[in-house]
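Read the following with the sequence and the 3D view side by side. The text starts with the whole chain and then turns to its sheets.

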Amino acid sequence: MSTWLLPRSELTSEQLRAVELSPQCHQVIFGAPGSGKTQILLHRAAFLRNHLGTKPNRFRIFVYTNVLKHYIRSALALLNLPEDAVITYDDWCRVFYEKHIDGELPWDIRARRPDFDCIRRDVRAHIISGAVPLPLYDFVLVDEAQDLSVDTFDTICRIARHVTLCLDNKQQIYERGSSEAEILAKFGLRRRNLSLLDAYRCSPFVARLAAQFIPDPQEARHYLGQVRTSQTERQTPLLFKAATFDEEKNRLVEILRERLLIDQRIAVLFPLRRQVFGFADGLKRAGIEVETQENLNFGSSRPKLITYASAKGLTFDSVLLPRLVPESFPRMSPERMQRLLFVAITRATNWVYLSTNEGNELPLLQALHPLVAERVLTIQSAGAATPPVAPPRTETSTTPGLDFL
């Protein structure tokens, strides 16, 4: 059974107000990481279903990634919501296309997958043409709305009588996403319907670390002003600068073993998809059972290895961020790197571990050095870490079990 979804009785008064906003008009809810946007969407789905007497096939919850879809579905039984109500927008477009337009999807030969850009355009055109009776749904709820395009919202407005959006533009990591102003204009609103001001998820140390990657000082101060959670983790976040790649890998194994001993929900996040599977293989050979984004079970205590982008909307006790080197962020602007690091760090409720290679560290990490004087961050250089417990030696590797990519 899910451990991340709070019962309705434990929601704050502000969160309850968001859950019960009127369905007579569209609603746009803004909230920083930790303000409970995903919690609100699920409880609001249950509220609107009961309030409107909506049948299970007459509402949808749109999310951006398949990982977030599985994460949310792991909690639906607690509110008696159907699994097929939660779907990515692209998957919904695919199903609509096959049912109403053509059973054969347009194909992107180079990417070796359906051409979702074409599918979205054709679905929107088909809906605008009046070829299907509208609306299809009594209500639609959208998580991570900032990462969807303006055209997407035009489609959503047409298929649902009521729409509720949750968003935070500080977490926008896709260029084709929408600004808050664009979203409000599309829904005919002059301002947000509600701003969630009492973040409860990220501890003060984690929030202070994340705030270093908010470029606008005023926005950073505003974000930190929302933190109401007390600091329960005795350790400060840790940045480890390894002398070699092997030392970084060994230290990661040591950290994972320590965190597993205290029964924490752990995520190891990576910028690149290939890093996920390379490290998963290496950790398994080191005797640590992990799950990747291909086989996630959010009811298990095994560490989850996923990309930054796929982690949006998820929550863990501890988040580990290895490989913070320039090669992990190829052809990426500093602005996008900042947003990605902000998203990755704010997946943690209690503690964050970062690691890099000394002499090849990501330049953005320099922004974290002032936190040492504030006693918000600990930095360890090569050779300063406690030596990891070495796994049994074999004939095939000088660092057994750690043949990572």
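The protein chain holds 13 helices and 15 strands; helices (H or I, at least four residues) and strands (E, at least two) are DSSP runs, numbered from the N terminus. The model is predicted, so local features need pLDDT of at least 70 and side-chain atom pairs count only at pLDDT 80 or more, while totals for chains, interfaces and linings use all residues. Residues are numbered from 1 along each chain as its sequence is written, and side-chain values use heavy atoms, with hydrogens and water left out.

How does the overall size agree with that of a compact globule of 405 residues? Such a globule would have a radius of gyration near 22 Å, and the protein chain has 22 Å, which agrees. This radius is taken over C-alpha atoms, and the globule rule is 2.2 Å times the number of residues to the power 0.38. Along its principal axes, the C-alpha trace spans about 65 × 45 × 40 Å. Of the 405 residues, 56% count as buried, where buried means under 20% relative accessible area, exposed over 50%, and partly exposed in between (1.4 Å probe, protein chains only).

Now find the open sheet of six strands, in the order β3-β2-β6-β7-β1-β8, with parallel pairing. Two strands pair if DSSP finds at least two bridges between them. At the edges stand β3 (86-88) and β8 (194-196); each has a single partner strand, so one side of each is left without a neighbour in the sheet. From one strand to the next, the twist averages 20 degrees.

Within this sheet, strand β1 (residues 27-31) runs parallel to strand β7 (residues 160-167), and four bridges join them. Val-28 has Leu-165 in β7 as its bridge partner. Helix α2 (residues 37-52) packs on the sheet and touches β1, β2 (59-63), β6 (137-142), β7 and β8; contact means heavy atoms within 4.5 Å. The direction of helix α2 makes about 170 degrees with that of β6. Axes are lines fitted to C-alpha atoms, for helices over the stretch in contact, and angles run from 0 to 180 degrees between N-to-C directions. Helix α4 (residues 89-100) lies across β2, β3 and β6, at about 90 degrees to β3.

Further along, look at strand β12 (residues 304-307). Which of its faces are covered? Both are: Lys-304 and Ile-306 on one side, and Leu-305 and Thr-307 on the other, are all buried. Strand β10 (residues 266-270) pairs with β12 in the parallel sense over four bridges, and Phe-270 has Thr-307 as its bridge partner. Strand β11 (residues 291-292) also pairs with β12 in the parallel sense, over two bridges; here Glu-291 stands opposite Lys-304.
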